Amino acid sequence: MRKSLKIISALAASAMIIGAFAGCGGEKKDAPKAADAGNKTAVKLVVSSTERPIAWQDEDGKIQGFEYDIWQEVNKNLKDYTLDIKAVPPETQDVMMESGDAKVASGGYYRTPRREKDYIVPNTPIGASSVMIYVLKENQNKFSDLEDAVKNGKQVPNTPNGGIYKVLTDWNAAHDNIMKEIPIQDGLTVADRLQSLKTGQYDFMVYPDNFGVEETAKAMGIEVVTVGKPIK
């Protein structure tokens, strides 16, 4: 797979993505298939099916979210390409990119040496978030910051390939590796994480503030608050 055909959008600006598409020449075996309508080349783009309000798939199978809306607008302005947008779980996005099944992945990606080696990662994001500590409202005075929470509580797992895992890894290294291990688990939705707080299985969760945590909690009848300052 040519690197020029494997683009990760870190919630990237449309101009950067269009410019990347314009350079996607290469061998015939790597080129996306031409779209049925007109002479445009179809490029498969994968967004998350679970990360409301950024991108998710509702019960009727319809893709929603501001990230999806942005790509729809980008699609209207592409002259030589058309985006075939699919919604899949975040871990499936990674698999599809690695296998070449998808040519573009859009989501809350953080820069890592491996990603910069294997993919084109645009410099300009179209979304930004603060990484926060969330607890049940009844436990708002239980912890003062992440170090306090790590020492005295149990953390909800995050996905091993996600940006929060990278944030926690960096934070841990800067704090003498006080976390013996960073809890990880694939396939957890925001609702799953919040439910584990409600049941007392875990005491706190570290998550971006623009992924609808508070809105999802409200819909579930759960009151959550943030603790301390943003981690990043």
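A pocket is defined on a 1 Å grid over the protein atoms alone as an open set of points, where a 1.4 Å probe fits, with protein on both sides within 12 Å along at least five of seven lines; its lining residues have an atom within 4 Å of a point. Grid points are joined across faces, edges and corners, and a volume is the space filled by probe spheres set on the points.

The structure described here is a predicted model, in which local features need pLDDT of at least 70 and side-chain atom pairs count only at pLDDT 80 or more, while totals for chains, interfaces and linings use all residues. Residues are numbered from 1 along each chain as its sequence is written, and side-chain values use heavy atoms, without hydrogens and water.

The largest pocket has a volume of about 760 Å³. Its lining comprises 40 residues, and those nearest its centre are Gly-107, Gly-108, Tyr-109, Gly-163 and Phe-211. Among the elements that give two or more residues to this lining are α6 (163-174) and β9; α3 gives the most, with four residues. Helices (H or I, at least four residues) and strands (E, at least two) are DSSP runs, numbered from the N terminus.

The second largest pocket holds about 300 Å³ of space. It is lined by 16 residues, of which Asp-94, Thr-112, Arg-114, Arg-115 and Asn-161 are the closest to its centre. Here α6 gives the most to the lining, with four residues.

**Aromatic pairs**

The structure holds two aromatic pairs, that is, rings of Phe, Tyr or Trp (its six-membered ring) with centres within 6.5 Å; planes under 30 degrees apart count as stacked, over 60 as edge-to-face and the rest as tilted. The rings of Phe-143 and Phe-204 are edge-to-face, because their planes stand at 70 degrees, with the centres 5.8 Å apart. Phe-143 lies in the loop between β8 (131-136) and α5 (146-152), and Phe-204 in the loop between α7 (190-198) and β9 (205-208), so the pair ties together parts that are 61 residues apart in sequence.

Tyr-207 and Phe-211 form an edge-to-face pair, with 5.6 Å from centre to centre and 80 degrees between the planes. Phe-211 counts as buried, at 7% relative accessibility; buried means under 20% relative accessible area, exposed over 50% and partly exposed in between (1.4 Å probe, protein chains only).
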